[in-house]
Amino acid sequence: EFDVNFQSGSMLSLIISKKDQSLIEGLTAGMKLEDIQFFSPIAIFNGSGVVSSKTQIKSGPKQGDFCLDIRIVST
């Protein structure tokens, strides 16, 4: 379970803690992720997404953590 840092349209930006790095190690841009469960206070749905980018944060309070951008492609 990850918190959404930012959302615009079908694009989600997640902050992944460096301690959870092993969970996202094999992810690369363009990789399709099947059967993702999305939820908010008003909705729960399953869908698929495509990894848009994965970058390590280089400075600031989240230094060492990762920013994972996923584009929702179906619901």
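**Figure 1. Ser13, a residue in strand 2 of a predicted model.** Let's start with Ser13, which sits in strand 2, the stretch covering residues 11-16. Keep in mind that what you see here is a predicted model. Is Ser13 buried or exposed? Its relative accessible area is 9%, and because anything under 20% counts as buried, Ser13 is buried. Now look at its side chain: a polar contact of 3.0 Å links it to the side chain of Asp69. Which residues does Ser13 touch, once those up to four places away in sequence are set aside? The list is Val4, Asn5, Phe6, Cys67, Leu68 and Asp69.

**Figure 2. A salt bridge between Glu34 and Lys32.** How many salt bridges does a search of the whole structure find? It finds 1. Here are the partners: Glu34 pairs with Lys32, and their closest N and O atoms are 3.8 Å apart. As background, side chains of opposite charge can pair when their charged atoms come close. Glu34 has 55% relative accessibility, so it counts as exposed. Lys32, at 46%, counts as partly exposed.

**Figure 3. Two phenylalanine rings, Phe38 and Phe45.** The structure holds 1 aromatic pair. Why is the pair called stacked? The ring centres of Phe38 and Phe45 are 4.9 Å apart and the planes meet at 25°, so the pair counts as stacked; the cut-off for that label is planes under 30 degrees apart. Check the surroundings of each ring's residue too. Phe38 is buried, at 10% relative accessibility, whereas Phe45 is partly exposed, at 32%.

**Figure 4. Gln21 in helix 1, with Gly64 in view.** Gln21 belongs to helix 1, which runs over residues 21-24. Its relative accessible area is 31%, so Gln21 is partly exposed. How far apart are Gln21 and Gly64 in space, C-alpha to C-alpha? The distance is 9.6 Å, although 43 residues separate the two in sequence.

**Figure 5. Pro61 in a loop, with Gly9 for reference.** Find the loop between strand 4 (44-56) and strand 5 (66-74), and you'll find Pro61 in it. With a relative accessible area of 87%, Pro61 is exposed. Gly9 is 52 residues away along the chain, and the C-alpha atoms of Pro61 and Gly9 are separated by 27 Å.

**Figure 6. Zooming back out to the protein chain.** What pattern does the chain follow along its sequence? Reading along, you get β-β-α-β-β-β, built from 1 helix and 5 strands. The C-alpha trace spans about 35 × 25 × 20 Å along its principal axes. A compact globule of 75 residues would have a radius of gyration near 11 Å, and the chain's 12 Å agrees with that. Of the 75 residues, 29% are buried. Among contacts with a separation of 6 or more, 41% come from residues 24 or more positions apart. As for the surface, the chain exposes about 5200 Å², and carbon and sulfur atoms supply 52% of that area.

Terms used
Residues are numbered from 1 along each chain as its sequence is written. This is a predicted model: local features need pLDDT of at least 70, side-chain atom pairs count only at pLDDT 80 or more; totals for chains, interfaces and linings use all residues. Side-chain values use heavy atoms; hydrogens and water are left out. Helices (H or I, at least four residues) and strands (E, at least two) are DSSP runs, numbered from the N terminus. Buried means under 20% relative accessible area, exposed over 50%, partly exposed in between (1.4 Å probe, protein chains only). A polar contact is a pair of N or O atoms within 3.5 Å; within protein, one must be able to donate a hydrogen and the other to accept it, and residues adjacent in sequence count only if both atoms are side-chain atoms. Contact means heavy atoms within 4.5 Å. A salt bridge is a side-chain nitrogen of Lys or Arg within 4 Å of a carboxyl oxygen of Asp or Glu. The radius of gyration is taken over C-alpha atoms; the globule rule is 2.2 Å times the number of residues to the power 0.38. Accessible areas come from the Shrake-Rupley method with a 1.4 Å probe; for residues, only the protein chains shown count as cover. Rings of Phe, Tyr and Trp (its six-membered ring) pair if their centres lie within 6.5 Å; planes under 30 degrees apart count as stacked, over 60 as edge-to-face and the rest as tilted.
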